[in-house]
Amino acid sequence: PVLEVATTSPLYDQTERMPYEYDLHIARQNRVGQVANDFRYTVASGESALMSSIKAEYLLIFISNPGCAMCRDVREGILSSAMLGDLIGQGRLKILVLYPDEDLVAWRQHLGDYPSQWINAYDKEQTLTLNTLYDLSALPSFYLLDKDKRVLLKDVMWEDVLYYLENTPGM
């Protein structure tokens, strides 16, 4: 509501409204309970698919940069979680590690940073960036989706994902 007021307030001129308009656009994307914005991802082999085609009870979209120290820490945290390991092993949880930028040389140099069970991909068409489909202001960024690709958690820390899954009945 604050952003909606700021974008229409006569107290601001058009230039002053621009950051609020951007923030409002991002806030309206991928809201909890809504179906997540779909996008095409590409893996190292050159094969592409839609995010919505990934079949699993849960999908964790892990938006990262190659060589990112915090991303490395997250990877280690996920790998050290027995519960997440079990969910991945059972096929109930899939992880899509997505690189949103253009420097494919750096991305290819870090392909081995993530386990082969995870989908390591990049946004070849730059859809996330060009259409501001996801909040990329700080990386890594995490979105947890259910089997219908509805957003359960939006732009959270990975520990929030772990806490959510640990406290979900039936896990």
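Which residue in β6 is the bridge partner of isoleucine 63? I find serine 141.

Before going on, I note that this is a predicted model, where local features need pLDDT of at least 70, side-chain atom pairs count only at pLDDT 80 or more, and totals for chains, interfaces and linings use all residues. Residues are numbered from 1 along each chain as its sequence is written, and side-chain values use heavy atoms, with hydrogens and water left out.

**Strand β6.** I looked at its neighbours. Strand β3 (residues 58–63) runs antiparallel to β6, joined by 6 bridges. Strand β7 (residues 151–156) is also antiparallel to β6, with 3 bridges. Leucine 144 has leucine 153 of β7 as its bridge partner. Strands are DSSP runs of E, at least two residues, numbered from the N terminus; two strands pair if DSSP finds at least two bridges between them.

The β6–β7 hairpin has 4 residues between the strands, and lysine 149 takes a positive phi near 70 degrees.

I checked burial next (buried: under 20% relative accessible area, 1.4 Å probe, protein chains only). In β6 (residues 141–146), 6 of 6 residues are buried. One side carries Ser141, Tyr143 and Leu145, the other Phe142, Leu144 and Asp146.

**Asparagine 120.** I find this residue in strand β5 (residues 119–122). Asparagine 120 is buried because its relative accessibility is 13%. A polar atom of its side chain lies 3.3 Å from the backbone oxygen of leucine 111.

**Cysteines.** I count 0 disulfides, taking a disulfide as a pair of cysteine sulfur atoms within 2.5 Å. Cysteine 68 is buried at 19%, and cysteine 71 is buried at 1%.

How values were computed: Buried < 20%, exposed > 50% of the residue type's maximum accessible area, 1.4 Å probe, protein only. Polar contact = N/O pair within 3.5 Å; in protein donor to acceptor, adjacent residues only side chain to side chain.
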